[in-house]
Amino acid sequence: MAETMYPITLTVNGEKKEAEVEARTLLVHFLRENLSMTGTHIGCDTTSCGACTIILDGRPVKSCTVFAVQANGRSLRTVEGLEKDSKLHAIQDGFHQEHGLQCGFCTPGMMMTAVALLERNAAPTELEIRQAISGNLCRCTGYVNIVKAVQHASAALREAKQPVAAGRA
Amino acid sequence: MIPPRFDYQPARDLAHAFQLLAQGRGEAKILAGGQSLIPLMRFRLASPAALIDLNRIEGLAYIKENGDLRIGAMTREYELETNGTVKARYAILTETAAVIADPLVRNLATVGGNLAHADPANDHPATMLALRASVVAKSAKGERVIPIDELFVDTFQTSLRPDEILTEIRIPKPASQSGGTYLKLERKVGDFAIAGVAAYLTLDDRGAVKSAGIGLTNVGSTALRAKRAEAALVGTTADEKAITAAAAAAAAESQPTADLRGPADYKRDVVRVLTARAIRRALARAKGGS
Amino acid sequence: MGAELGGIGRSVKRKEDARFIRGRGKYVDDVKLPGMVYLDIARSPYAHAKILKIDTSKALAIPGVLAVITGNDLVPLKLAWMPTLMGDQQMVLPTDTVMYQSQEVAAVVATERYIAADGAAAIEVEYEPLPVIVDPKKALLPDAFVLRPDRKEKSNRIWHWETGDKAGTDEVFRKADVTVKEDIYIPRIHVSSIETCGIVASFDKVEGQLTVWMTTQAPHAIRTVIALVAGHLGLAEHKIRVISPDIGGGFGGKVPVYPGYVLAIGASVLTGLPVKWVEDRSENIQADSFARDYHITAEVAAKKDGTVEALRVKTIADHGAFDAAANPSKFPAGLFHIITGSYPFKKAFVEVDGAYTNKPPGGIAYRCSFRVTEAAFTIERLMDVLAIKLKRDPAELRLQNFIQPAAFPYRSALGWEYDSGDYGKALKLAMEKIDYAGLRKEQLEKRKRGELMGIGISSFTEIVGAGPSKHFDILGIKMFDSCEIRVHPTGKAIVRLGVKSQGQGHETTFGQIVAEELGIPVADITVEEGDTDTAPYGLGTYASRSTPVAGAATAVAARKIREKGRLIAAHLLEASPDDVEWKDHKYQVKGVPAKSKTMQEVAFAAYTNHPQGMEAGLEAVDYYDPPNLTYPFGSYICVVDLDRGTGEVHVRRFVAVDDCGVVINPMIVEGQVHGGLTMGLAPALYEQINYDDDGNIQGGNFMDYLLPTAMEVPSWETARTVTPSPHHPIGAKGIGESATVGAPAAIANAVVDALAHLGVTHIDIPITPWKVQAILKAKGVAE
């Protein structure tokens, strides 16, 4: 079979990107290899671990189970887009303040899931947080401090009464 | 981990999708949420020559109540899970959607895909069986309504014809004294069911069971309707005696196989236990609202 | 000054977070070099088979495939086999026989990752299946098929190891009032850090220089191994650079040398191109180093008043097809003989037989401290079995028996000298925090109503910090560790370590040690590890050894600097060095606090105004040979509720009291405990890897290998006692693995406790719902 290439245009963290990809190129590989955005990680091959989580048109999804061609015309947010003008997103600060990360490998995906959660639910309970991150596996932290990190971010956002999405794309 | 090559064909509308299906000559597969198909392709257990992407087609995702409840096939599971109308009057559907895979998968997985893929481990089929739902299948030639009892033929096989696309799911209008629940036992959150039981009861004005729907997940080659269990409830007040009989019947009707989710005997016991618990909760909901 | 300094005991926020929260960590798969190519591996579907033919033609025909490597290609390069860390040898690629399912059979090198995968899928192999042995007991039968014809001794027994006083122990058992015995199987599990293993190997043909980015917990050891194993290919140790960049979790799984690493290095040396190999999760679980797989029979002899007297243990260790466990070389069963635990057994005897089977090689990679988890699980289960038999409360039985504080340093019947401990204090604190008395009352009431609730205790003693050069080496290299510190003229410092963090926060905690010792704020200290070109030689991070060994080296190196600084300070203060002391993080003239110099002032002077005759500069290195191991300990109490219908085990509460001696960073220690507890819960209830009789893996990917999510994990409650290590320069012991070592027994004990009144004394882990339900059914109490 000849290698058909498909042109795609998408918005990543507010910036327009154009590329040509094979149909079978997974979105996570497109981000990591074509765009050299290695903040999104790969942790498994059965859509089980969530390390590859990004926000696609406002919803957190596993980018290893989406083809890049499906993202044509769509808008994505990744960990690289959280910090704006040298100011950390509340979730990044929350993870730092509450020791919500150790090796850092699950962290980008975990944070993107948390950002999407807080955009829908500004004051989630502990159970709601645990449910929201139940698709993101962590081997290092035992989740306790991740929950605290999300609660920290939630409190900070509510206190600042800022619009929850730092630059909703 | 890396899928084989394929042609990507985004359909503009249903007519275009039917065209692409015909061109595919059986070698093309529909891409809806992709949360079942893409993992199979990554392990090269599925190698379709082409994927027909339905995600660009307008008007296939909706939840409308007009007497009955109509769900567009491309409705995402999270949309079903968070819909207020569904929570209020079709709580069994909310509960089913809420335990499918994990929250991230539910942002892409579709209700139609969960049915059309016909994995006996998928959760919606049992609930749809309990609800006596039906699905709309469209093709270039027209459309037909398939009662849910006729949809699941075998593992990964439905009665949809190769030129048909499932476009809508229809849930009958709930009677005034009706209610149901879906209980799923899983090894951990995000897993398929060890066994799952959907129970939906409709009561008459004397509080007796007028009709019962009991669907079973992952204890057979397809989702199963536990007909003898249903019969054991109809006409009774669903007292503990009837519940015990229905639960035992459901267990006997199930056809589990031993695997990494447990021995067959265990799964039968789980069906029995969950059926009893599901009936009790369905009864409470039918009597007093959700 | 205290808060700014960030010295010992402060919960300093982590410096390494800055890059991780921005997605700017640099993990192996993030490394991209110009011209880089990709390696993928074709693997065996059979557990044991002769290779009749390997057809590489279809793979080679794919545009973009550059080369296919098979075992026969490696033979002339003397790379078909490689030594393991346990003195065995392991195939890199087979030439005639595959030994386990998913074993590497051929490697494909291609210009793109996706093409390499296509190439691997296009390799066609003809196999002739051979008899499969998956049961180590069957492997040890006299007429068993000899799995390793390459070994001198034609037997599937790898080694026999024993320690203790057999005759004395047997004598005690013969005379004992009470004996208990249990068969305990601890199944194979897999560490599954979220990042899999990988390497980028880049050989510069002109310079003869090999640079390797690798997921390794022990970069220096790897460098030496490469030089020894591949030296004949023109690789000399001074021209090998191993870089261990950011690692996404190690837990022991990134200590062994996997064939994929060797193949990538070989491919790079041959082609002169950078070669990347990053394995899939399925490959990681199905072929990389596992942990546990111990078949244990354990017995305790005791007086009728509950005083324990003797311990006798016989174990079969299933090591798979090659003994590739990463134990210190004199200890094929690791530190399993810590199994006397927290109790003063007068006599003990332990024997272990290692066996080959048709399964992946390995043995100790799962945050488990060299078989200490197996040991702790066994003794803590046996104590509960004894309590059940004697109808004694398990907490009281432990308190009665514990080695008392006055007995330390305590020499165990199996030869370990425990440095310090106060076991009773930890258990009492745990009991108080969880309201143990209240729980026992609740349990009685619930039992009357037929509700099943259990309380489980684990009072474990850990053994970490390998280890003293007298007894410890890996492949002959002694297990010291190192720290090099250099203080700059402006008073900032750089610290380089021979260990390598995979998430434990070394960039912060080792900075804190130096901050405390030298009065330099932790923000002014850079900590580096993992690059063999710059870091002093060390044995790496695993078995909780970094703080005990490299932490000690850090303190000692800092004190060398402090001593030189004292001479410079005296020079600046125009005082006699004998009159200058280090107090309140600065140099002071004794009795005249106003006459003082800071380390910053001294550092500047080290380059600008040092005494005549003294060398300039302010730096030191220390290679620390620990005089002993350290012995962290703890008491965990777990409460479970059982569902009588489904058999599910709900962990209602879990209180963990840990003692790791002096705590450097309480926040980080607590995080280590949280993570360790979760990796103790997982094998207790969820994780296992089994093989059917044909050697097919059951549970070889994340769909069936069940890592707990946030929904399975309770909100861990932690507390601390502090019993410093008397021999460690800062009194610290190490914490990384304690919770994984101690937790499984607490959970297992809790479930058994819920069912003990029905006659249950033991349930093997993982305690699945169907195991519980089968017991409930058999006892007539199932819903």
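Predicted model: local features only at pLDDT ≥ 70, side-chain atom pairs only at ≥ 80, totals over all residues.
A salt bridge here is a side-chain nitrogen of Lys or Arg within 4 Å of a carboxyl oxygen of Asp or Glu. Keep that in mind.

Let's begin with chain C and chain B. By that rule, the interface of chain C and chain B holds five salt bridges. Take one of them. B:Arg277 pairs with C:Glu783, and their closest N and O atoms sit 2.8 Å apart. Polar contacts come next. Between chain C and chain B, eleven residue pairs are in polar contact, both residues at pLDDT 80 or more. Which helices of chain C supply at least two residues each to the side that touches chain B? Two of them do: H5 and helix H20, which spans 769-778. By class, that side of chain C has ten nonpolar, seven polar and eight charged residues.

Now the extent of this contact. Chain C puts in 25 residues, and chain B answers with 21. About 2,200 Å² is buried between chain C and chain B. Of that area, 58% is on carbon and sulfur atoms.

Next, chain C against chain A. How many residues does each chain bring? Chain C brings 56 and chain A brings 50. The buried area between chain C and chain A is about 4,400 Å², with 55% of it on carbon and sulfur atoms. On the chain C side, three residues lose the most area to chain A: C:Ile21, C:Tyr114 and C:Ile194. Together they make up 18% of what that side buries.

Charge pairs again. The rule gives six salt bridges across the interface of chain C and chain A. Here is one to look at on the screen. A:Arg32 and C:Asp30 meet through their side chains, N to O, at 2.8 Å. The interface of chain C and chain A also has 29 residue pairs in polar contact, again with both residues at pLDDT 80 or more.

Where on chain C does this surface come from? H18 of chain C gives the most, with ten residues. The class count for that side of chain C is 24 nonpolar, 17 polar and 15 charged.

Last part: inside chain C.

Ten residues of domain 2 of chain C contact twelve residues of domain 3 of chain C. Between them, these two domains of chain C bury about 850 Å², and 65% of that is on carbon and sulfur atoms. Which residues of domain 2 of chain C lose the most area to domain 3 of chain C? They are C:Gln101, C:Ile285 and C:Gln286, together 51% of what that side buries.

And salt bridges? Across the interface of domain 2 and domain 3 of chain C, the rule finds zero. Polar contacts are there, though: three residue pairs, both residues at pLDDT 80 or more. The side of domain 2 of chain C that touches domain 3 of chain C has five nonpolar, four polar and one charged residues.

How values were computed: Residues numbered from 1 in each chain as written. Chains lettered and ligands numbered in written order. Heavy atoms only, no water. Contact = heavy atoms within 4.5 Å. Buried area = accessible area lost by both parts, 1.4 Å probe. Polar contact = N/O pair within 3.5 Å; in protein donor to acceptor, adjacent residues only side chain to side chain. Nonpolar A, V, L, I, M, F, W, Y, C, P; charged D, E, K, R; others polar. Helix = DSSP H or I, 4+ residues; strand = E, 2+ residues; numbered from the N terminus.
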